Amino acid sequence: RREKDESADRWHPPNALTPEPTPDGRLGVRVNQDGLFALNDWSFTQLCGLAGVSKDTVNRLSPDTASRVLRETLPQGNKPMQFYTEEKLIRSIHGTTYTRLYNADLLTMLSEFAVDFQPPQKAGAVNTSGTGLYCGEQDLFVFLIDPTGWTEIDDQAFAPGFFVWNSEVGKRTVGISTFWFQAVCRNHIVWDAIEVTEFTRKHTGKVGEAVGDIRRLVEGLVAQRDARKDGFAKVMRKAMETKLGADAEEVLKVLNRHGITRTLARRALEIAEQQGRFTIFALVDALTRIAGETEYAGERTETDQKAGQLLALAA
């Protein structure tokens, strides 16, 4: 809410921008009569893209030289652009087609309709600060589970959960992805894409409707939790018993056919082989563990989803 209240859109044509060094010796941008603004990593990336110059190259230059380079390469058109600012910082730069969805609006909806959900247990001894709630200068990522939906399958505990993400500055779409959370390994087992699917929307004219769409998916997840729990338990038991192949080479071919790269598949095979089994669950579990090593949560979701598609083989 503070970011929403303290941020503002400023509309100026590119020819109103004057890159120049800031008093603290960094690169800044003077925006017409609004004054001199600092840049963060994201808005600096966008500014270099607008100028058509390499960010890595500009980063190696002194602020004075970088200012001259950008002044000579920025477009000089008169069509207004959005400069999203917080105090004297430019958070992002966009054209006229971009429509912002505020993180605060998305979270207000979740606090009202996802009342049974909460962040999972903290990440553990290695990273005790992990809470499942992340917000930085580029995007927001919320990870919630339903503690009333825990189910045990062969000594493994799972709970339904979902990711919701958004970016006020255009880094990524707004969306939701549902899954089953494996307690011990903190894996995200994506399953049941027919009843509750991933939903994404770009930040264009009707992006505000995404809040209502995500609300309906969360409500559906709550309404169907018992039926989904029974169906999930049935599929998981079968996945724990069904082998994906007789040997490593056969399993590798199956994984490749389902969009898993050879490099990723071989790593998963090594983990599964240590457990002495090539069952569907062993491979899904291995893939989601590998996904957990991914630095960015958004990229991790993509790997989790590929792994979860294998569970359809046990459905």
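Guide: Two strands are said to pair if DSSP finds at least two bridges between them. The model before us is predicted. In it, strand 11 and strand 13 (residues 199-201) pair in the antiparallel sense over three bridges.

Visitor: Which residue of strand 13 is the bridge partner of glycine 175?

Guide: The partner of glycine 175 there is threonine 200.

Visitor: How many bridges join strand 10 to strand 11?

Guide: Eight bridges join strand 10 (residues 156-166) to strand 11, and the two run antiparallel. Phenylalanine 181, in strand 11, is the bridge partner of alanine 159.

Visitor: Is strand 11 mostly covered or mostly open?

Guide: A residue is called buried when its relative accessible area is under 20%. Strand 11 (residues 174-182) is mostly covered, with nine of its nine residues buried.

Visitor: Which residues of strand 11 point one way, and which the other?

Guide: Val174, Ile176, Thr178, Trp180 and Gln182 point one way. Gly175, Ser177, Phe179 and Phe181 point the other way, and the residues of both sets are all buried.

Visitor: Why does glutamate 87 count as exposed?

Guide: Exposed means over 50% relative accessible area. Glutamate 87 counts as exposed because its relative accessibility is 59%. Asparagine 32, with a relative accessible area of 40%, is partly exposed.

Visitor: How is empty space inside a model found?

Guide: Rolling a probe the size of a water molecule over the atoms shows where empty space is left. This structure holds one cavity of 30 Å³ or more. About 30 Å³ of space lies in the largest cavity.

Visitor: Which residues line the largest cavity?

Guide: The lining consists of Glu3, Arg91, Asn103, Cys135, Gly136, Glu137, Gln138, Asp139, Ser167, Glu168 and Val169. By class, the lining residues divide into two nonpolar, four polar and five charged.

Technical notes:
Residues numbered from 1 in each chain as written. Predicted model: local features only at pLDDT ≥ 70, side-chain atom pairs only at ≥ 80, totals over all residues. Heavy atoms only, no water. Buried < 20%, exposed > 50% of the residue type's maximum accessible area, 1.4 Å probe, protein only. Helix = DSSP H or I, 4+ residues; strand = E, 2+ residues; numbered from the N terminus. 1 Å grid on protein atoms, 1.4 Å probe; cavity = no way out; pocket = protein on both sides within 12 Å on 5 of 7 lines; lining within 4 Å. Points joined across faces, edges and corners; volume = space filled by probe spheres on them. Nonpolar A, V, L, I, M, F, W, Y, C, P; charged D, E, K, R; others polar.
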